Amino acid sequence: MNRDYFQDALHTFNGGNWYGWKTHDDNGNKIPNDQRMQYQHIKIIKDGATMPSEAEVNAKIQELKDAETAYTNARTTGKAKLKSGEALTDAEIKALFGE
């Protein structure tokens, strides 16, 4: 299953469900469903929510990807250390057994 980093990143801003997707562009043309989930088609649907910049969203996407990579790496090294009898780091313990 492919993770939707874009929407995961958007959910971290403004306390969660603050956005939707435009169905029509500024000229009134219908936006095809397969092209709708892009930064330029975000619409704010929650009072008080503010639009994060595209750079902020991209930075959050990278942060999520980095965290996932670190988690995967900790699982891999943790398993190897368990097999060899080495001590585990806290990150490896969390990756293997949860909190």
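Here is a friendly chat about the predicted model shown above.

Q: Hi! What secondary structure does the protein chain have?
A: Welcome! This is a predicted model, and its protein chain has four helices and two strands. Read from the N terminus, the elements go α-β-α-β-α-α.

Q: And is the chain compact or spread out?
A: The protein chain is more spread out than a compact globule, because its radius of gyration is 19 Å, well over the 13 Å that the globule rule gives for 99 residues. Its C-alpha trace spans about 65 × 30 × 20 Å along the principal axes.

Q: How much of the chain counts as buried?
A: Of the 99 residues, 28% count as buried. As for the surface, the protein chain exposes about 7000 Å², and carbon and sulfur atoms supply 50% of that.

Q: What about contacts between residues that are apart in sequence?
A: Take the contacts between residues at least 6 apart in sequence: 42% of these join residues at least 24 apart.

Q: OK, let's go inside. Which residues have the most contacts in the largest nonpolar core?
A: Those are F6, L10, W18, I42 and V57, in a core of 14 residues. The elements giving two or more residues to this core are α1, β1 (19-21) and α3 (54-84).

Q: Which element gives the most?
A: Helix α1 does, with four residues. As general background, nonpolar side chains tend to be buried together in soluble globular proteins.

Q: You mentioned I42. What does I42 touch?
A: Not counting residues up to four places away in sequence, I42 touches F6, L10, W18, Y19, G20, W21, K22 and M51.

Q: Now Q7. Where does Q7 lie?
A: Q7 lies in helix α1, which covers residues 5-11.

Q: Does Q7 count as buried or exposed?
A: Q7 counts as buried, because its relative accessibility is 18% and the cut-off for buried is under 20%. Leaving aside neighbours within four places in sequence, Q7 is in contact with Y19, W21 and M37.

Q: Switching to charges: how many salt bridges are there?
A: A search of the whole structure finds four salt bridges. One of them pairs R3 with D8, and the closest N and O atoms are 2.7 Å apart.

Q: What else does R3 pair with, and how far apart are the closest N and O atoms?
A: R3 also forms a salt bridge with E68, where the closest N and O atoms are 3.6 Å apart. E68 lies in helix α3 and R3 in the segment before α1, so this pair ties together parts that are 65 residues apart in sequence.

Q: Are R3, D8 and E68 buried or partly exposed?
A: R3 is partly exposed at 37% relative accessibility. D8 is partly exposed too, at 28%, and E68 is partly exposed at 33%.

Q: Which residue does E63 pair with?
A: E63 forms a salt bridge with K60, with the closest N and O atoms 3.1 Å apart. Both lie in helix α3, three residues apart, which is about one turn of the helix.

Q: Last topic! Which residues form a nonpolar patch on the surface?
A: L82, I93 and F97 form that patch, with about 300 Å² of accessible area together. Among them, I93 lies in helix α4 (residues 90-97), and I93 is partly exposed, with a relative accessible area of 35%.

Technical notes: Residues numbered from 1 in each chain as written. Predicted model: local features only at pLDDT ≥ 70, side-chain atom pairs only at ≥ 80, totals over all residues. Heavy atoms only, no water. Patch = residues over 30% accessible without salt bridge, like charges linked within 9 Å, V, L, I, M, F, W, Y side chains within 5 Å. Areas by Shrake-Rupley, 256 points an atom, 1.4 Å probe, with all protein chains shown as cover. Salt bridge = Lys/Arg side-chain N within 4 Å of Asp/Glu carboxyl O. Buried < 20%, exposed > 50% of the residue type's maximum accessible area, 1.4 Å probe, protein only. Rg over C-alpha atoms; globule rule 2.2 N^0.38 Å. Contact = heavy atoms within 4.5 Å. Core = buried A, V, L, I, M, F, W, Y, C linked by side-chain atoms within 4.5 Å.
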